[in-house]
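Thanks for making the time. I will go through one model, contact by contact, and you can follow along once it is on the screen.

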Amino acid sequence: MPRTKFATRLALAALSVLILAGCSSEVADTHPEQPVTKRREAFKAILRSFEPMGTMLKDKRYDADAFARLADEFGRLRDAPWSHFGADTNYPPTKAKPAVWEKPAEFDQRRQAFATASERLLAAAAERNEAAVRTAYAAAQDSCKACHRDFRK
């Protein structure tokens, strides 16, 4: 009998693992070039410099030099995701709405608005003027929100 109990427990454990694996909501990026994964990683890298700038402003702990360093990093990374929005990249696990491909001119307008807002943020950070930085950061954040509202699930 002990062998049967062991086999039953082993089968239940294996079944539990399979059920939990099936519950994962993350779909693998199976495209050979993995453009969805690359653009997600690029956006996450942007956030790693953008969010600390926002925290610094929100917490009223503006440090012009630290902000400028973060802005420089943000400036180096801000263009990275866009090349990964090719025509054949609308597949799971994307969080992009079909509108990215259905309305490419509007999507490009949002990208351009982000680029313009980013330039203003970089210029304000270089000036080390807190008031200008706050205004420019808010505009960059608004451009992100507008694009997410229209083009991200």
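Arg134 has a relative accessibility of 32%, so it counts as partly exposed. This is a predicted model, so every number I quote is computed from predicted coordinates. The partner of Arg134 is Glu130: their side chains form a salt bridge, 3.0 Å from N to O. Both residues sit in helix α6, four residues apart, about one turn of the helix. Glu130 is also partly exposed, because its relative accessible area is 32%.

How many salt bridges does a search of the whole structure find? It finds seven. I will take two more of them.

One is between Glu119 and Arg78, with 2.3 Å between N and O. This pair links distant parts of the chain: Glu119 is in helix α5, Arg78 is in the loop between α3 and α4, and 41 residues separate them. Are the two ends buried or exposed? Glu119 is partly exposed, as its relative accessible area is 43%. Arg78 has 10%, so it is buried.

The other is Arg149 with Asp150, where the closest N and O atoms are 3.6 Å apart. Arg149 is exposed at 52% relative accessibility, and Asp150 is partly exposed at 29%. Through salt bridges that share partners, Arg110, Arg149 and Asp150 belong to one network.

Now a charged residue without such a partner. Asp29 lies in the loop between α1, residues 2-23, and α2, residues 35-58. Asp29 is buried but has no salt bridge. Where is the nearest side chain of opposite charge? It belongs to Arg40, 7.4 Å away. A salt bridge needs a nitrogen within 4 Å of a carboxyl oxygen, so that distance rules the pair out.

What Asp29 does have is polar contacts. Its side chain makes one with the side chain of Tyr91, at 2.5 Å. A polar atom of the Asp29 side chain also lies 3.3 Å from the backbone nitrogen of Val36. Leaving out residues up to four places away in sequence, Asp29 touches Gln34, Pro35, Val36, Thr37, Tyr91 and Pro93.

Two of those neighbours have backbone features to point out. As background, most residues other than glycine have a negative phi, and most peptide bonds are trans. Gln34, in the loop between α1 and α2, has a positive phi of about 50 degrees without being a glycine. Gln34 is partly exposed, at 35% relative accessibility. Pro93 is in the loop between α3 and α4, and a cis peptide bond joins Pro92 to Pro93, with omega about 25 degrees.

Arg128 also has a positive phi, about 60 degrees, and is not a glycine. Its place is the loop between α5 and α6, and with 39% relative accessible area it is partly exposed.

The largest nonpolar core has 30 residues, and Met53, Phe67, Phe74 and Leu121 have the most contacts inside it. Which elements give two or more residues to this core? They are α2, α3 (64-77), α4 (99-102), α5 (104-127) and α6 (130-151). The largest share, seven residues, comes from α5.

Leu121 shows how these pieces meet. Beyond four places in sequence, Leu121 touches Phe50, Met53, Phe67, Phe74, Val133, Ala136, Tyr137 and Ala140.

Ala124 is in helix α5 as well. Why does Ala124 count as buried? Its relative accessible area is 4%, and the cut-off for buried is under 20%. With near neighbours in sequence left aside, Ala124 is in contact with Asn129, Ala132, Val133 and Ala136. Ala124 and Thr135 are eleven residues apart in sequence, with 8.8 Å between their C-alpha atoms.

Last, the aromatic rings. The structure holds twelve aromatic pairs. In one of them, Trp82 and Phe85, the ring centres are 5.9 Å apart and the planes are at 25 degrees, so the pair is stacked. Trp82 is buried at 17% relative accessibility, and Phe85 is buried at 16%.

Terms used:
Residues numbered from 1 in each chain as written. Predicted model: local features only at pLDDT ≥ 70, side-chain atom pairs only at ≥ 80, totals over all residues. Heavy atoms only, no water. Buried < 20%, exposed > 50% of the residue type's maximum accessible area, 1.4 Å probe, protein only. Lys, Arg positive; Asp, Glu negative; His and termini not counted. Polar contact = N/O pair within 3.5 Å; in protein donor to acceptor, adjacent residues only side chain to side chain. Contact = heavy atoms within 4.5 Å. Core = buried A, V, L, I, M, F, W, Y, C linked by side-chain atoms within 4.5 Å. Phe/Tyr/Trp six-rings, centres within 6.5 Å; stacked < 30°, edge-to-face > 60°.
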